[in-house]
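This briefing concerns a predicted model.

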Amino acid sequence: MTTAHAAAAVPVMLDLRAHRKVPASPDGYMALWELLEPVLVTLDPRSGPRVRLDLGEEGEVGVWFLSPATAPVPFSAATPFAVRGVLEPPRVRYVCDTCRASGTTTYAPFTCTGCGTKERPGRVCDAHAVFLEGSLRASCVRHEPTCRCGRPGRGWCGGPRCRSGRAWCDDHLVPHPGDASLAYCVDCHADRFPACERPGCPATGHIRCEHLGLDDARACGRRVCGEHVMRWQIYGARSKGLALCGRHHRDLRGSAPEALVALVVAGTVARSQARRGNRSGGRRAAFLPRIGIVRHIFINTCQRVLDMGAVDALFVRLQDDLRRRGGRDGGNLVQTALRLLDEQAASRREDVQRFRDSHEEGRGHFARLRTLLQQSGKHELADAVTFSDYRRKSNILFVRVPQDMRSRFIGTGGAVVQELRTRLGINIQLERE
Ligand SMILES: [Zn+2]
Ligand SMILES: [Zn+2]
Ligand SMILES: [Zn+2]
Ligand SMILES: [Zn+2]
Ligand SMILES: [Zn+2]
Ligand SMILES: [Zn+2]
């Protein structure tokens, strides 16, 4: 590469794109040039401006004469050449570690953690990459993931414990119940698709039992499917009641009103905390049910008919009890319970007052009903019928009549009860027994 007489130098460009040993230093280029020059001087640039020189094992080198018309003819050992440029092969930034080990350089679009070092992540090419089902995470053949049992992995588990970071073999993967292309390890499958508590039920127990006592650290949580869940309708007919497992639903029947009030409060506390926790702004806050509903819960659940004052007293007693405890060991649950009870207090007073007014009115209607029965000679019926409830708004008097007298009270084709309705000017309904 002599450039002593710059004007006379023959300008060339070297094309090293097909050369396997591209020099990494100026010395390397000198060595390459010394290999090329003896061949170059034997060429005639006018027979073709681009020539390829075969270097055997090391591949080819292309020489481009940039100004063939002005080149001296023929070249001699003294002809000076000027290298104006070098075309190098594009450098591969991410090289497959498997290919590199066998002496070739291949672009590697994927990473293999096993091949990586502390300084750089391992790489693997298209040809050497291995993929398991369930994730686009690759590895090279040598680092193919294995299951905990030691056998080759067949798929990644996308479940909540593994998060596609652990591979499992065929024996240790359980298919998704509705989508055969997805699979989970045994533990993640049990987390995601818990069995319904009802023996033999094949459905997933998506719903957790919400039964919670005021002294419990957490709710029962037993898993129940949508079909077997029991809803305790403590928030009225239109809102979803508390979800209960079979055992806790059965337990309700034998529970005293005091215990039921505590369950209503604790269950509502849990809901209120869950709603605050997930900040799903759109959802309504949780409120304790109005005591009119609670009164009906007692009638339906433990067959106890309490008047509103008695129902209110149960809440007041619980509130006092919690306030005493609140000072000592008032956990989060007790604090929230006290807040909900405070919020409910005004509506309770209102409900009690309205109930009393309406009750008085209802008692008046009931007394007249009895008188009418006696006047028409139905003394036995008059003695047996009892007052249950009166709804002023809908003008309905609810009464209880023993099973064996119901047909007499109703009369043929409803004639007796219809006559009573007309004469009293109110609707009369028999409580379902
Ligand atoms: Zn490769
Ligand atoms: Zn690897
Ligand atoms: Zn898993
Ligand atoms: Zn396995
Ligand atoms: Zn079920
Ligand atoms: Zn339960």
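Valine 399 lies in strand S18, which spans residues 396-400.

**Valine 399**
- Valine 399 is buried, because its relative accessible area is 0%, and the limit for a buried residue is under 20%.
- Beyond its neighbours within four places in sequence, valine 399 is in contact with Phe366, Leu369, Val385, Thr386 and Ser388, and also with Phe409, Ile428, Gln429, Leu430 and Glu431.
- Between valine 399 and glutamate 144 there are 77 Å in space, C-alpha to C-alpha, and the two are 255 residues apart in sequence.

**Helix H11**
- Helix H11 covers residues 415-424, and its residues Val416, Val417, Leu420 and Leu424 are buried.
- Viewed down the axis of H11, the buried residues lie within an arc of 95°, and therefore they line one face of the helix.
- The cover over these buried residues includes helix H8 (332-375), helix H10 (406-410) and strand S19 (427-430).
- Glycine 425 follows H11 and has a positive phi, near 70°.

**Cavity**
- The model has one cavity of 30 Å³ or more, and the volume of the largest cavity is about 30 Å³.
- The residues lining the largest cavity are His211, Leu212, Trp232, Leu242, Leu244, Leu252 and Leu263.
- Classified by type, that lining comprises six nonpolar residues, one polar residue and no charged residues.

How values were computed:
Residues numbered from 1 in each chain as written. Chains lettered and ligands numbered in written order. Predicted model: local features only at pLDDT ≥ 70, side-chain atom pairs only at ≥ 80, totals over all residues. Heavy atoms only, no water. 1 Å grid on protein atoms, 1.4 Å probe; cavity = no way out; pocket = protein on both sides within 12 Å on 5 of 7 lines; lining within 4 Å. Points joined across faces, edges and corners; volume = space filled by probe spheres on them. Nonpolar A, V, L, I, M, F, W, Y, C, P; charged D, E, K, R; others polar. Buried < 20%, exposed > 50% of the residue type's maximum accessible area, 1.4 Å probe, protein only. Helix = DSSP H or I, 4+ residues; strand = E, 2+ residues; numbered from the N terminus. Arc of directions from axis to C-beta. Contact = heavy atoms within 4.5 Å.
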